[in-house]
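Hi there,

Here is the structure I promised to pass on to you. Have a look at it first, and then read my notes below.

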Amino acid sequence: MGIFDKLRNEFIDIIEWTDPSADTIVWKFPRYQNEIKMNAKLTVRESQVAVFMNEGKIADVFQPGMYTLTTQNMPILTTLQGWKYGFNSPFKADVFFISMRQFTNQKWGTKNPVMLRDAEFGPLRLRAFGSYAFRVKDAAQFLKEIAATNPEYTVDGINEQLRNLAVSRGMDAIAEAKIPVLDLAAKYDEVSQLITDKIRPEFNELGLELTKFLIENISLPPEVEEALDKRSSMGIVGNLGAYAQFQAANAMEKAAENPSGGGLAAAGLGAGMGAAMMGQVGNVFQNNQVNQQPAAGGPGVPPPLPGTEPFFVAVDGKQAGPYNMDQLRQLAASGGLQHQTLVWKTGMAAWAAASAVPELAPVLATIPPPLP
């Protein structure tokens with residue numbers, strides 16, 4: 001260092017900070033040998049505070065304004081008296097500027113899915129991500145706890161720790177809230193507030209304030225989302241009995257459009273298989289059919305014509321139907337209706353074999369005899 005540079009350092013200091021960056025939290029005034037001179041002028045702008053350290057201790061925290069600093073360092077005289085220290089003053093003073101503005105759009109997210117227990121679906125793995133904003137609340141505490149004597153401290157120096165706090169405490173808050181998974185998307189604001197209340201005290205311990213915490217998305221694993229989509233599709237379909245009959249009718253219509261005999265045979269086979277499936281489903285189809293039948297003898301409703309009353313059929317020990325005559329012929333063609341099959345309709349005292357019901361004689365006549 002030249003003699004003129006040394007003499008230049010003896011002038012009264014003008015201490016200020018104009019921050020050109022967007023992520024600097026702490027900046028130390030770069031005074032040579034940390035020897036801030038007596039009556040130095042300190043200018044603190046809005047959104048800043050200045051922490052004055054004199055002889056190794058925090059002496060004061062200055063809010064926005066202009067100040068005059070008093071230290072043990074006197075220009076020229078201090079330098080001459082410091083000859084035994086190599087012309088370096090033993091009286092050290094530091095000024096740290098702390099940005100008090102908000103640092104926004106800080107990202108957080110789960111690196112791996114987090115296991116939670118849902119009341120409806122049981123154990124589930126969730127992913128979540130979002131953003132948060134913070135600022136320095138207590139400049140002296142932040143300087144002592146985090147920044148220490150670093151001449152420059154940025155958001156990157158603490159962001160990882162804050163993200164870990166957000167994820168760890170945030171997922172705890174979601175688990176403790178016991179909000180159903182299907183309701184989380186409608187309650188992002190409530191969940192965000194729960195997480196904010198959970199992690200704010202830990203930010204305060206570092207001299208920071210959590211000003212905003214937002215959840216952008218909470219998602220399930222792809223295979224779980226696919227299962228939920230199928231469940232939603234079933235809900236949209238509604239009555240499964242009516243839907244199955246609609247599908248069977250479409251299949252028969254397409255088969256009938258085929259002029260070859262194979263198409264008609266396939267239609268008969270498909271109808272028979274559909275009838276057997278309806279027997280397995282049981283009451284789902286039965287209730288759907290019964291609900292569509294008008295009450296016999298009800299007000300303004302005539303009784304059904306003779307021979308049109310539908311029959312119920314016992315298939316594998318279970319009640320199936322009701323079937324009209326055309327459906328019974330299809331069922332007989334597929335082997336689902338035999339002479340000994342039990343049947344019943346309104347007006348019969350009890351279940352009886354199909355061969356004992358005269359109305360079913362034309363239907364049973366279509367059943368081919370046993371192979372020789």
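**The sheets and the rest**

Five strands make an open, antiparallel sheet, in the order β5-β4-β7-β2-β11. Its edge strands, each pairing on one side only, are β5 (57–62) and β11 (152–154). Direction ignored, neighbouring strands in this sheet are turned against each other by 15 degrees on average. Some terms: helices (H or I, at least four residues) and strands (E, at least two) are DSSP runs numbered from the N terminus, and two strands pair if DSSP finds at least two bridges between them. Strands of a sheet pair through backbone hydrogen bonds, either parallel or antiparallel.

Before you go further, please note that this is a predicted model: local features need pLDDT of at least 70, side-chain atom pairs count only at pLDDT 80 or more, and totals for chains, interfaces and linings use all residues. Residues are numbered from 1 along each chain as its sequence is written, and side-chain values use heavy atoms, leaving out hydrogens and water.

Back to the five-stranded sheet. Strand β4 (residues 48–54) and strand β7 (residues 93–99) run antiparallel and are joined by seven bridges; valine 49 has isoleucine 98 in β7 as its bridge partner. Helix α4 (residues 156–177) lies across β2 (24–28) and β11, at about 35 degrees to β11. For such angles, axes are lines fitted to C-alpha atoms (for helices over the stretch in contact), and angles run from 0 to 180 degrees between N-to-C directions.

There is also an open sheet of three strands, in the order β1-β3-β6, with mixed pairing. Here β1 (14–15) and β6 (65–69) are the edge strands. Two bridges join β1 to strand β3 (residues 40–44), and these two run parallel. Look for isoleucine 14, which stands opposite lysine 41 in β3.

Now find threonine 341, in the loop between α11 (325–333) and β15 (342–344). Is threonine 341 buried or exposed? It counts as buried because its relative accessibility is 10%, where buried means under 20% relative accessible area, exposed over 50% and partly exposed in between (1.4 Å probe, protein chains only). A polar atom of the threonine 341 side chain lies 2.8 Å from the backbone nitrogen of glutamine 338. Leaving aside residues up to four places away in sequence, threonine 341 touches Val313, Ala314, Gly336, Ala352, Ala353 and Ala354; contact means heavy atoms within 4.5 Å.

Finally, the whole chain has 12 helices and 16 strands, and 37% of its 372 residues count as buried.

Happy exploring!

Terms used. Polar contact = N/O pair within 3.5 Å; in protein donor to acceptor, adjacent residues only side chain to side chain.
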